[in-house]
Amino acid sequence: MDEKYFPEVIEKKWQQRWDEGRVFEVSNDDPRPKFYSLEMLPYPSGFLHMGHVRNYSIGDALAWYKRLQGFNVLHPIGWDSFGQPAEQAAIKRGVNPRAWTEENIVHMRGQLKRLGLSYDWSREIAAHRPDYYKWDQWFFLKMFERGLAYKRQSPVNWCPNEGTVLSNEQSSGGVCWRCGAAVEKRNLEQWFLRITEYAEQLVGQIEQIEATWPEKVLKRQRDWVGRSEGAYIDFAVKDSDKKIRVFTTRIDTIFGATAIVLAPDHPLIAELLEHSALKSDIQKFAEKVVAARTRRADPTEEEVKEGLNTGVLAVNPFSGENIPVWVANYVLMDYGTGAVMSVPAHDQRDFECAQKYSLPIRQVIAPVSHVQPAAEPVSKTGTDQSGEMHQSFTDYGVLINSNEWGGKLSEIAIREMTQHAEQHKFGGGAVTYRLRDWGVSRQRFWGAPVPIINCEHCGAVAVPYEDLPVVLPETAEFTGSGQSPLAGVPEFVNTTCPKCKRPARRETDTMDTFVDSSWYFFRYCDPRNAEEPFDPAIAAQWTPVDQYIGGDSHAVMHLIYTRFWTKFMRDIGLVSFDEPVKKLLTQGMVTNLVEGTDEWKAMSKSLGNGVDPDEMIAAFGADAARLFTLFAAPVENELRWIETGIEGAVRFLRKVYSMVWRWHERLSDSSQRKEAPSNEELSLGAMALRRKTHQTIARVTNDFEHLHLNTSVAALMELFNELSDFDAQPATASAADLFVVREALESLTLMLAPFSPHIAEEIWERLGHTGGLIQKLSQGAKWPKANAELARKAELEIPIQVNGKLRSRLVTSPDVTEDELREAAVADEKVRPFTEGREVLKIIVVPQRLVNIVVR
């Protein structure tokens, strides 16, 4: 062991040992309990920044902790390597996407290895390689067989900058999720996956994970699926055989409906206005609304209500009243049926629109306390109250102005009116979802080809399973025109129909890259299987994932898609559970100043504020870089990048190393005592150090179970300070002192390993251990266990005085509050005889030392 700490030497040594010993590779036959620790796989963009390092360091710390606890830990890594950036590089720089991707993987793999991350590299996967995307295609065909994959023409979200289709999730807010360009609407033939078939499960089965996933993620998923219970009502269009189907959660307010309002892109508009003089005006208005909605940066931002009367009338099936049909910007086609009944008195959006356009407002629900049953109005349609109401009343209450339902409570009326609509065949109960089917077609080269052959005679025909994978050609012409480059590769496109054997054409769309990432962690379990995506028996050993770690930005894309995919795999017998991930952590972003500004933003290549981990490793070492990212802030919180923080981490590691150097010769003596000394053998300082050691073990162990990693590092620093204050010297230390120091240093080393594994391995070896911290099966070091007696905080004995005279003593913990001391002192049985019947003037508390009750 060198006297001085040289991180570059130590880190290179241990990375080589781990690699040669294949230390982090796991076996499916290992009898120990399993633990699957996983971080979201990276896109090989060319380089990592310190934001990535934080994510991977969290997962690696957990993997080390679980290994030291005796678990067989699966901790794999791979590459989400299909996607638009590689194709953009091909367009802009004339490089081959495959070569660009492979070069980036080589560089980024080197960065991950230089960080010393404990991945099982034998299970590495890459989405762009045929042995992986073959199974994307296999899954697509399984869905196609079951009617869950289908093609239809549809208005799609189009990114003009990247020349491709985006899903609703990828175009949220009207901008491309990757490049930020304004999204346009286009009509294209697209392939969809019927995720809506699983909408109810995506909401209902949240209960299985709501205790272990962040509530903010689950809320966004619930909101995105958008489940609503209510009723559908068919309003007949006057003088027409057409009907407008409306969905409402408040059928009890239908007597207050003063209009029907359609979404601007509702398909019925063109039919209703086919011969109308207003057709052109309505069409222009609808186009303006759709364009503005697409451009809107924040989809939750409130719009100024705008609408137009179509001149069409519809008939309220409950009241028989004719009410106008409007088009308005606040109604969305992707909610319910794209049509609502406007009830201004009981919906705030309708109220605002009614006020703006002087539409009637009719109250039909009143607060229960405001209604006298005998005075219940029974008019058919009520009266206009637009001058009387200043805001809508949206609560449940009692019905008024509602014919035979007047006087009924909303809850009862909703049930009865829904039944009435069903009995008279103009409506019924319904559940609707905001979620729409997942559009997976992409007009790009760099993705998994859709395994379909288009035949003029047979239609869309599945590629036979034995012909998978449909392999991408080596290259294509990248024009950036928006048409798939595959369409320009005749040897790819031209083929034979598997059914009729006539000439046919391959599908030239490729699949959304979220297909690749929807099931990848199952492939890690069995990555070289050539016969099926994975062996269900092997996957059952490892999955569901025990801990998943990644960015909050994937709450409604990747994390919804992977839950859907898992449920589909369950239905075809590959897995036996509903949810793919037991526990989820969404780590906070690492932010840095954007050059030339005072803005802190998440590290990004495009913003130029990323910090290269290789530079940090060269300057400070991987251990210090990892330690800083885990110590500087709670893992869920934003971490502001301040380089001086790494300098502090280096100083701490250097001091730990130096302390081990001071003691290692005495401590590596094999003749040292193995049994713990009795309390009588220990000095006060040695007893305090033992107590601090076991308190730290208990604290760090508990913190790891909740991934409170920053407080774990703080506890290790406190233990080191206690070691530094210990007055024994290596040359003169007694056998009891040596035991206490060894116990403290070994515990510190083992608990430091998840954060800074290279230095932990080095000092563990210097303390006389061989073979490394991690060894196969049950060999190797073990996470320290806290002695409960020693870990308990020392108790204090607090004298209690009455008017300055000692009357009792109170035994309590050191963290007792002043208020607790006051209450305990007054209630003490030995004190009560001296205070009963007397006025307590004040109670003086000297924290942790004395309580004096002053009476007269």
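**Entry 1: two helices in contact**

I began with helix α2 and listed its residues that meet helix α18: M50, V53, R54, S57, I58, D60 and A61. On the α18 side I found A625, R626, T629 and L630. I note here that I am reading a predicted model.

What kinds of residues make up this contact? I sorted them into six nonpolar, two polar and three charged.

Next I looked up where the helices sit in the chain. Helix α2 covers residues 50–68, and helix α18 covers residues 622–631. Their axes are 9 Å apart. The packing angle is about 85°. Angles of 65 to 115 degrees count as roughly perpendicular, so I wrote down α2 and α18 as roughly perpendicular to each other.

**Entry 2: salt bridges**

How many salt bridges does a search of the whole structure find? I got 47. I then looked up a few of them.

**Entry 3: K151 and E507**

The side chains of K151 and E507 form a salt bridge, with N to O at 2.9 Å. I placed K151 in strand β5, residues 149–159. I placed E507 in the loop between β22 (503–506) and β23 (510–511). The pair therefore ties together parts that are 356 residues apart in sequence.

E507 has 4%, so E507 is buried. The cut-off for buried is under 20%.

**Entry 4: R245 and D234**

I moved on to R245, which forms a salt bridge with D234. The closest N and O atoms are 2.8 Å apart. R245 is in strand β9, residues 243–248. D234 is in strand β8, residues 228–237.

R245 is at 38%, so R245 counts as partly exposed. D234 is at 13%, so D234 counts as buried.

**Entry 5: K408 and E416**

K408 forms a salt bridge with E416. Here the closest N and O atoms are 3.2 Å apart. K408 is at 27% relative accessibility and counts as partly exposed. E416 has a relative accessible area of 26%, and E416 is partly exposed too.

Note on methods. Residues numbered from 1 in each chain as written. Predicted model: local features only at pLDDT ≥ 70, side-chain atom pairs only at ≥ 80, totals over all residues. Heavy atoms only, no water. Axes fitted to C-alpha atoms, helices over the stretch in contact; angles between N-to-C directions. Helix = DSSP H or I, 4+ residues; strand = E, 2+ residues; numbered from the N terminus. Parallel < 35°, antiparallel > 145°, perpendicular 65-115°, else oblique. Contact = heavy atoms within 4.5 Å. Nonpolar A, V, L, I, M, F, W, Y, C, P; charged D, E, K, R; others polar. Salt bridge = Lys/Arg side-chain N within 4 Å of Asp/Glu carboxyl O. Buried < 20%, exposed > 50% of the residue type's maximum accessible area, 1.4 Å probe, protein only.
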